[in-house]
Amino acid sequence: MSITKAQQDVDDWIKAHGVRYFNELTNMAQLTEEVGEVARIIARRYGEQSEKDSDRDKDLGEELADVLFVVLCLANQTDIDLQEAFDKKLALKAKRDHDRHQGNEKLK
């Protein structure tokens, strides 16, 4: 699925199931909350913290999807073509970082 299609699907969902988009500040707070949930899973599952019994059934994919949903909401409500922005960013990173990481001793 393209990012453009994902943005349209989110907009369609908001129109069918929501009243309206939450305002940008509310969505920013929501995004922060969702990223925190991702961080909690990763810190406990892949980091050095022990995982609580209540966290063992948490689905990292579902939490990442929550982050993506809110990012798409923010893009929609601020009139950002996220496909275009992502394509530009990827091209910039490819040019800027083409050889950057090959010599990084930390990655060997």
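The questions and answers below explain how some labels for this predicted model were reached.

User: What makes Trp 13 and Phe 69 an aromatic pair?

Analyst: Ring centres must lie within 6.5 Å. For Trp 13 and Phe 69 the centres are 5.6 Å apart, so the rings pair. The count by this rule is one aromatic pair.

User: Why is the pair of Trp 13 and Phe 69 called edge-to-face?

Analyst: The label needs planes over 60 degrees apart. The planes of Trp 13 and Phe 69 stand at 90°, so the pair is edge-to-face.

User: Which parts of the chain does this pair tie together?

Analyst: Trp 13 belongs to helix H1, residues 3-17. Phe 69 belongs to helix H3, residues 60-77. The pair therefore ties together parts that are 56 residues apart in sequence.

User: What makes Glu 84 and Lys 88 a salt bridge?

Analyst: Their closest N and O atoms are 3.6 Å apart. The limit is 4 Å, so this pair counts. Glu 84 and Lys 88 both sit in helix H4, residues 82-96, with a spacing of four residues, about one turn. Glu 84 is partly exposed at 44%. Lys 88 is exposed at 56%.

User: How do you know that Arg 56 and Asp 53 form a salt bridge?

Analyst: The closest N and O atoms are 2.3 Å apart. That value is within 4 Å, so the bridge counts. Arg 56, at 46%, is partly exposed. Asp 53, at 62%, is exposed.

User: How many salt bridges does the whole structure hold, and which residues are linked in a network?

Analyst: The search finds 10 salt bridges. Arg 40, Arg 44 and Asp 55 are linked in a network of them.

User: What lines the largest pocket, and which helices supply the lining?

Analyst: The lining includes Trp 13, Phe 69, Tyr 21, Phe 22 and Asp 66. The volume of this pocket is about 200 Å³. H1, helix H2 (24-45) and H3 each supply at least two lining residues. H3 gives the largest share, four residues. By class, the lining has eight nonpolar, two polar and two charged residues.

User: Where does UniProt place a domain, and what is the chain like there?

Analyst: An unreviewed UniProt entry lists residues 23-97 as "domain: NTP pyrophosphohydrolase MazG-like". Over residues 23-97 the chain is 73% helix and 0% strand. The end C-alpha atoms of this stretch are 35 Å apart.

Conventions
Residues are numbered from 1 along each chain as its sequence is written. This is a predicted model: local features need pLDDT of at least 70, side-chain atom pairs count only at pLDDT 80 or more; totals for chains, interfaces and linings use all residues. Side-chain values use heavy atoms; hydrogens and water are left out. Rings of Phe, Tyr and Trp (its six-membered ring) pair if their centres lie within 6.5 Å; planes under 30 degrees apart count as stacked, over 60 as edge-to-face and the rest as tilted. UniProt positions are given in the numbering used here, feature names are shortened, and annotations may be inferred rather than shown by experiment. A salt bridge is a side-chain nitrogen of Lys or Arg within 4 Å of a carboxyl oxygen of Asp or Glu. Buried means under 20% relative accessible area, exposed over 50%, partly exposed in between (1.4 Å probe, protein chains only). On a 1 Å grid over the protein atoms alone, a cavity is a set of points where a 1.4 Å probe fits but cannot get out, and a pocket is an open set with protein on both sides within 12 Å along at least five of seven lines; lining residues have an atom within 4 Å of a point. Grid points are joined across faces, edges and corners, and a volume is the space filled by probe spheres set on the points. Ala, Val, Leu, Ile, Met, Phe, Trp, Tyr, Cys and Pro count as nonpolar, Asp, Glu, Lys and Arg as charged, and the others, Gly among them, as polar.
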